[in-house]
Amino acid sequence: MDPMQNVLEESVHEVFLRLRGMEAGYCHCPQCQDDVITHALNHAKPRYISGAAIGAAVTRVALTRDQAQAEVAVLVLEAMRRVQRNPRHGPEGFVATAAGGTMR
C-alpha cells in the first residue's frame, strides 16, 4: 500500500522559500520556519494523494496554477506575520538570514 501524502506541503515549502527573504524583520531560525509551515498547513485545505501516478500528477499541476499559488502565498504570508508578531523565543533567538539558504 502506497503512503498518503499531502502535496500541498510541497507547495507551501516552495512558496515559503521564495517569500521569506521579502518579509522585513522575519526571523530565519528553524523554530520560526517550522512554525510558519505548520501554521500555513493547518489553515489550508489538504490535498492528499496516494500511489496513483495520474491523480498525483493532476493534483501537482493544479497546485502550480496562478490562483492556487496565490492562495498558498496568502496563507504563508499570514503565517509569517503571525509568527513574527509572536515568536516562540526572545530577541536573543532572532536569526536575520537563513543559514545555507535551505530549510531542514
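Reader: How many disulfides turn up in a search of the whole structure?

Author: The search finds 0. Take Cys-27: the nearest cysteine sulfur belongs to Cys-29 and is 3.6 Å away. A disulfide needs two cysteine sulfur atoms within 2.5 Å, so Cys-27 is in no disulfide. Cys-32 is in none either, with the sulfur of Cys-29 nearest at 3.6 Å. By the way, this is a predicted model: local features need pLDDT of at least 70, and side-chain atom pairs count only at 80 or more, while totals for chains, interfaces and linings use all residues. Residues are numbered from 1 along each chain as its sequence is written, and side-chain values use heavy atoms, leaving out hydrogens and water.

Reader: What makes Cys-27 and Cys-32 count as buried?

Author: Buried means under 20% relative accessible area, exposed means over 50%, and partly exposed is in between (1.4 Å probe, protein chains only). Cys-27 has 5%, so it is buried. Cys-32 has 1%, so it is buried too.

Reader: And Asn-86, buried or exposed?

Author: Asn-86 is exposed, because its relative accessible area is 55%. You'll find Asn-86 in the segment after α4 (66–85). Asn-86 and Cys-32 are 54 residues apart in sequence, yet their C-alpha atoms are 9.6 Å apart in space.

Reader: Why is Asp-35 called buried?

Author: Its relative accessibility is 15%, so it goes in the buried group. Asp-35 sits in helix α2 (residues 30–42); helices here are DSSP runs of H or I, at least four residues long, numbered from the N terminus.

Reader: Which side chains make polar contacts with that of Asp-35?

Author: One is Gln-31, at 2.9 Å, and another is Arg-88, at 3.0 Å. A polar contact is a pair of N or O atoms within 3.5 Å; within protein, one must be able to donate a hydrogen and the other to accept it, and residues adjacent in sequence count only if both atoms are side-chain atoms.

Reader: How do you know that the length of helix α1 agrees with what it should span?

Author: Helix α1 (residues 8–19) has 12 residues. The expected span is 1.5 Å times one less than the number of residues. That gives 16 Å, and the end C-alpha atoms are 16 Å apart, so the two agree. Among the buried residues of α1 are Leu-8, Val-12 and Phe-16.

Reader: Where in the protein chain is confidence lowest, and where highest?

Author: Confidence here is pLDDT, the predictor's score for each residue, from 0 to 100. Helix α3 (residues 53–64) is lowest, with a mean of 54, and α2 is highest, at 95.

Notes
Helices (H or I, at least four residues) and strands (E, at least two) are DSSP runs, numbered from the N terminus.
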